[in-house]
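Hello,

Here is the structure I promised to pass on to you. Have a look at it first, and then read on for what I found.

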Amino acid sequence: MDFERARLTPDGQVEIPMGPNGEMIGSVHLKHAMDGVPPEYHPKVVQMIGNKIAQYLRIKGWKERVETFQKDLDAAIKVDLGQFRRRENSPHKISCQKGCSYCCYMNIAIFKEEARLLASKIKKKKIKFNRKEYEYQVGKGMNTPEDYWNDPRPCIFLDTKTRSCNIYDDRPATCRKYFVVNKPSLCKIEAGSSDKVASPPMINSEILYTAFSHATESVDCGPMPMMIKAELEK
Ligand code: SF4
Ligand code: SF4
């Protein structure tokens, strides 16, 4: 793979030549994170993504690769949130805290390797999940964000009594890097107010997310219950 040819498009997408014949494959993951990043830094960002992809691909085992990514991501999130909090004159504060879970009723996309890790822990009974919800969502074939807007369902790992995550240390990257500065009630999927949901810039986290998405076995990402089903049935 030719990371030298990776480039950032004017609308903030990273294109990396990873197709079988070196075609460019677009990724939208940096679109929002790049807002406000001066263009002169864009080549540097692309270079960082390329370096990380190469580093992840050098890791042979899928488990080690995804665990390394999770560790990297936690460190990057600390940097991003630290930078956001230190930013002078920022009127916004992060609203997210334990016991707040409106965001756990929507389509959560996870990578194949994350699903494999969760499925292996389910099989070893190291983690429990809401089987009734799992069967409902899988049975309905819930596959798109629209499916969850029309029928909001709790995540299969959400403890609906305490409104906390049962797999906090193992939660997927989508959940790890998601923070908002708006009122929590605006995160309610029924509020239909996704345009009022505002996230802080998470540039370091998005660099890693984009890199990992290009370094997984199949660039395969999908809704959590369906992805876990595929792994549980192997
Ligand atoms: S994203 Fe919204 S619902 Fe989720 S923890 Fe943050 S404020 Fe609460
Ligand atoms: S994995 Fe945890 S944080 Fe993510 S949606 Fe499910 S309950 Fe919420």
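This is a predicted model: local features need pLDDT of at least 70, side-chain atom pairs count only at pLDDT 80 or more; totals for chains, interfaces and linings use all residues.

**Overall layout**

The protein has eight helices and seven strands. Of its 234 residues, 30% are buried. If you take the contacts between residues at least 6 apart in sequence, 72% of them join residues at least 24 apart.

**The core**

The largest nonpolar core holds 36 residues. Cys-155, Leu-208, Ala-211, Phe-212 and Met-224 are the ones with the most contacts inside it. Two or more residues come from each of helix H1 (42–58), helix H2 (62–86), strand S4 (109–111), H3, helix H7 (203–215) and H8. Which of these elements gives the most to the core? That is H7, with seven residues.

Leaving out residues up to four places away in sequence, Ala-211 touches Ile-49, Lys-52, Ile-53 and Tyr-56.

Is Leu-118 buried or exposed? With 25 other C-beta atoms within 10 Å, Leu-118 is buried, because 20 or more are enough for that label. Apart from neighbours within four places in sequence, Leu-118 is in contact with Ile-167, Asp-170 and Ile-228. The C-alpha atoms of Leu-118 and Pro-172 are separated by 9.0 Å, although the two residues are 54 residues apart along the chain.

On the H2 side the contact is made by Trp-62, Lys-63, Arg-65 and Val-66, and on the H3 side by Glu-113, Glu-114, Arg-116 and Leu-117. What kinds of residue make up the contact of H2 with H3? The count is five charged, three nonpolar and no polar.

The other pair is helix H4 (residues 131–139) with helix H8 (residues 224–232). Their axes lie 9 Å apart, at an angle of about 95°, which makes H4 roughly perpendicular to H8. Tyr-134, Gln-137 and Val-138 of H4 meet Pro-225, Met-226 and Lys-229 of H8. This contact of H4 with H8 is made up of four nonpolar residues, one polar and one charged.

Lys-229 sits in helix H8 and takes part in that contact with H4. Having 16 C-beta neighbours inside 10 Å, Lys-229 counts as partly exposed. Lys-229 and Glu-135 are 94 residues apart in sequence, yet 9.6 Å apart in space from C-alpha to C-alpha.

**The two ligands**

Ligand 1 is surrounded by Ser-95, Cys-96, Cys-100, Tyr-102, Cys-103, Tyr-178, Val-180, Pro-184 and Cys-187. By residue type, the shell around ligand 1 has eight nonpolar members, one polar and no charged.

Around ligand 2 you will find Cys-104, Ile-108, Cys-155, Phe-157, Leu-158, Cys-165, Ile-167, Arg-171 and Cys-175. The shell around ligand 2 divides into eight nonpolar residues, no polar and one charged.

Some of these names turn up elsewhere in my notes. Cys-155 of the ligand 2 shell is also one of the residues with the most contacts inside the largest nonpolar core. Ile-167, again from the ligand 2 shell, is in contact with Leu-118.

**Two backbone angles to check**

Lys-125 has a positive phi of about 60° although it is not a glycine. Where is Lys-125 found? The answer is the loop between helix H3 (112–123) and H4. With 7 other C-beta atoms within 10 Å, Lys-125 is exposed.

Arg-163 is not a glycine either, and its phi is positive at about 55°. Arg-163 lies in the loop between strand S5 (158–159) and strand S6 (164–165). Its 14 C-beta neighbours inside 10 Å make Arg-163 partly exposed.

Happy to talk any of this through with you.

Best wishes

Definitions and conventions
Residues are numbered from 1 along each chain as its sequence is written. Chains are lettered from A and ligands numbered from 1 in the order in which they are written. A residue is near a molecule or strand if its C-beta atom, placed from the backbone, lies within 6 Å of it. Ala, Val, Leu, Ile, Met, Phe, Trp, Tyr, Cys and Pro count as nonpolar, Asp, Glu, Lys and Arg as charged, and the others, Gly among them, as polar. Axes are lines fitted to C-alpha atoms, for helices over the stretch in contact, and angles run from 0 to 180 degrees between N-to-C directions. Helices (H or I, at least four residues) and strands (E, at least two) are DSSP runs, numbered from the N terminus. Angles under 35 degrees count as roughly parallel, over 145 as roughly antiparallel, 65 to 115 as roughly perpendicular and the rest as oblique. Two residues are in contact if their C-beta atoms, placed from the backbone, lie within 7 Å. A residue is buried if 20 or more other C-beta atoms lie within 10 Å of its own, exposed if 12 or fewer, and partly exposed in between; C-beta atoms are placed from the backbone. A nonpolar core is a set of buried Ala, Val, Leu, Ile, Met, Phe, Trp, Tyr and Cys residues joined through C-beta atoms within 7 Å.
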